[in-house]
Amino acid sequence: MSSFDFAAAVAAFRRYAAVFEQNDPLIALKYDHTFGVVQTSRELSDAMRLNAEDTSLAALIALLHDIGRFWQVTQSGSFTDTQQFDHAAYACRLLFDEGHIREYLAEQRFDALLRFAIANHSAFRIAPCTNPQMLLHARLIRDADKLDNFRVKTVTNIEPLLQISSQELNRSAISPLIYEQFLQNKQILRKDRKTPLDVYLSYIAFLFDLNFSASYHWLNKHDYVSRLFQRLSPENPSTKRQLYELNESAQRHIKERLAT
C-alpha cells in the first residue's frame, strides 16, 4: 500500500465523526469502539505475523467498519439493524458508491477487498468467497469487532446498550432454546431471542464464531467471558445455576480452541 497514510485516514474519520452529536453516549461509545477495534486488529495482526500490507489493510478496515453506525444512531437512537437500515450496507454505500473511500485511501486496487470485509463484518455468516486475502480480512475484522465488543460490554454501563434496566435484566429468565444453543456452542439468531438475558447471552455467544487461534488467546488473556457472566446478579436461583453452567461450558470451549 505505497500511498497509504493511516494518520491521514484517522484525521478524515475524525472529521466525519465530528459532525455527529458528541454528547450522545451511543455516539461516544461507537467512537471509542472504533479505535478499540483498530487496536485489537493490530494486536491480532502482530500475533498472526501478517505482512505490512495486510496489517495496514486490517487497520483501515477496522477504522471504517462501523462508519455507518453514526448515522444509524442519529436516526434511530439504537444500534439495531432493520430491513430499512443496515449499518454495514450503509457504510458500503457511503464509502464506495458515493466515493468517500478516496478520503481514506488513494489507491483503488483494494476497493473490492475493503468492501467485502466491511459488508460482511456484522453478517451472521460470511458470504462465499474464493479470494484468500479477501476472506482473511473478512474474518479478521469480524474477530476484532467481536473481541472489542467483549471489552465494551465489560466496562460500559449495560443499560443504554441493552436499553433496559439492570433490574429487568436480572429478573429475566433464559429461554430454553437459547440455553441449549449456548451449550451447543452455537451463535444465537436475533429472531430467537425472547428475554433480556437471551440478548445478553447472544453477545457472549460471539465467542463461538471466532476464526483465529490468536483471537482465543486474546480473549483468554483478558478473561472477558467470565467477567461478563460476573456482571449478572440473577434473582432466580435456577437462572443463577444455568448461568454458572453456561460459563463453565464457555470456558471449556475456549480451552479446547486454545489447544488446537
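The model is predicted, with local features needing pLDDT of at least 70 and side-chain atom pairs counting only at pLDDT 80 or more, while totals for chains, interfaces and linings use all residues. Residues are numbered from 1 along each chain as its sequence is written, and side-chain values use heavy atoms, with hydrogens and water left out.

Select residues 52-64, which form helix α3 (helices are DSSP runs of H or I, at least four residues, numbered from the N terminus). Of its 13 residues, 10 are buried, so α3 is largely enclosed by the rest of the structure; buried means under 20% relative accessible area with a 1.4 Å probe, protein chains only.

Next, show the aromatic side chains, where the structure holds 12 aromatic pairs (rings of Phe, Tyr and Trp, the last by its six-membered ring, with centres within 6.5 Å; planes over 60 degrees apart count as edge-to-face). The rings of F13 and F70 have centres 5.8 Å apart and planes at 70 degrees, so this pair is edge-to-face. Because F13 lies in α1 and F70 in α4, the pair ties together parts that are 57 residues apart in sequence.

Finally, select R42, which lies over the face of F6 at 4.8 Å from the ring centre, and then K146, whose charged end sits over the ring of F206, 5.6 Å from its centre (NZ of Lys or CZ of Arg within 6 Å of the ring centre and within 35 degrees of the ring normal).

Key. Helix = DSSP H or I, 4+ residues; strand = E, 2+ residues; numbered from the N terminus. Expected span 1.5 Å × (residues − 1). Buried < 20%, exposed > 50% of the residue type's maximum accessible area, 1.4 Å probe, protein only. Phe/Tyr/Trp six-rings, centres within 6.5 Å; stacked < 30°, edge-to-face > 60°.
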